[in-house]
Amino acid sequence: MENPQVHVTRSFDARAAIAPRLQASWQRSERYGVPEDEVMPVFSGAVDTGSLLYECGTEVLRGLQATLANEPISLMITDSEGLVLSRLCTDASINRSLDKVHLAPGFYFAESNAGTNGLGLALADRAPSLVRAAEHYCTDLRGYTCAAVPVLDPITGALAGSVNLTTWSEQSSELLLALAQAAAGNTAALMLARASGRIARPTPRGEVFRVYADRVDPGNLPRLSSAWTTAVAETQAALASGRVVAVVGEPGAGKTALASLAHRAVRPRDRVLNARPPAPDDADTWLTLWTPELTKDDTCVIVSGVDALPAWTAWELARLFTEARHRGGPVPFVLTAEDGALCAALSPLVDRVVEVPALRFRPDDVLPLAHHFARRDRGRDVTFTSAASRALMAYDWPENAKQLRRVMREAAARSDVIDTQHLPAEVFTGVGHRLSRLQALERDEIVRCLSEPGATVVHAAEKLGMGRATLYRKMAQYGLNARQLKS
């Protein structure tokens, strides 16, 4: 017999009994205009079944399902936007019931589509979430208890999607969240194992006040291209006119540095602090630590990576920023994000969006920045051979200035004259796909042999124990150019 939906009528005054995080989600659901009496998710019509998340998540959930064969639990994978990608369940009654509320593949169940629910809250706050019965915003969902855990891409650290477990509201939920956490962890581990053996990016722990503007001396910076100086000038003009600015661009492109330089040009005596995004569990402490700085005179906070903040944190920041702006005087904050799609909470506050071009679109900046970074680490001027210069200019720098900074730190520690043998193998690789650990080792050894003084392809092939044809094929495979490796 199919379990009936449990419809709970509750006034908004009863929210006091709900946890603050759930209350915040209810408030967001209201702002999104989600109807309380009916769940009406958007239908996509198609799901991406070729993604690594789908492949690994479905495999993990099939294994979990085998251990829960007699339990009325539906196991789901969603993408980062809340689109349900797969649903596994052998209980016919709960499947029929979930179909009636559209909790099925092809439907979006983000907060903005379906109000407060387990998977929507997990994605919004980027934290494990358990939503029981009457805690759901829509009455149609109050017959269920949902546990969901976000899945982060093990290579990039970006939000990939979520694992969601749903059961009847009267069922015990004590172990539901633990099961979801285990499934999400196993999914991420399997994704890493199948991502060509690359090292996982550590989960950010939230570094606050790490960057100070007084460490960025404009007089010591190199002369950079018009693409950079134009972005600085646009930001400077907006700040001077009292506008709220969001600086956007790829990771490592220099968004925080640009915002700091622009603010110092407008108010050179100000103290500029950088608040980097916290881990979801640290958000409360993070806010408590630095938000009092917004009330201090001659202080500006650059809030980095606001697109990675939990939803409730973004809404709380929006409230604090609005209050700070209404106090008059200069705007005491600047935002940065990876792209122009700011969250719904903060985007209404932004008056001007300035994009920082990626380093591959600013090739004239590579060598000036390389000299600047190397001199700063070495403590004196560093020179580059023509071969090293060609290699630096030819590389695409997928991690932008942050990667160039790291490469220069390692190279400058080895010599005052940087040649190709002082540069890591990644700089000589034009390959656009991920390498396994064995492939990376092979590539590095080829680069080492080819970059030795006086080395030729013939000598390198002999040293590596392979034929010239094989070596040429390997060089093409890894995008290596022998001329770039020579002085």
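This is a predicted model: local features need pLDDT of at least 70, side-chain atom pairs count only at pLDDT 80 or more; totals for chains, interfaces and linings use all residues.
**Ground rules.** Local features need pLDDT of at least 70 and side-chain atom pairs count only at pLDDT 80 or more, while totals for chains, interfaces and linings use all residues. Numbering runs from 1 along each chain as its sequence is written, and side-chain values use heavy atoms, with hydrogens and water left out.

**Strand β7.** I looked up β7, residues 245–248 (strands are DSSP E runs of at least two residues, helices H or I runs of at least four, numbered from the N terminus). V245 and V247 point one way, A246 and V248 the other, and all are buried (under 20% relative accessible area; exposed is over 50%, partly exposed in between; 1.4 Å probe, protein chains only). I then checked its partners (pairing takes at least two DSSP bridges). β7 runs parallel to β11 (352–355) over four bridges, with V245 opposite R352. Three bridges join β7 to β10 (333–337), also in parallel, and A246 has L335 as its bridge partner there.

**Cysteines.** I searched the whole structure for disulfides (cysteine sulfur pairs within 2.5 Å) and got zero. C300 is buried at 1% relative accessible area, and C449 is buried at 2%.

**Second largest pocket.** I noted a volume of about 420 Å³. Its lining has 18 residues, with P20, A24, R28, W312 and E316 nearest the centre. Helix α1 (20–32), α9 (283–290) and α10 (311–326) each supply at least two lining residues, and α1 gives the most, six.

Note on methods:
On a 1 Å grid over the protein atoms alone, a cavity is a set of points where a 1.4 Å probe fits but cannot get out, and a pocket is an open set with protein on both sides within 12 Å along at least five of seven lines; lining residues have an atom within 4 Å of a point. Grid points are joined across faces, edges and corners, and a volume is the space filled by probe spheres set on the points.
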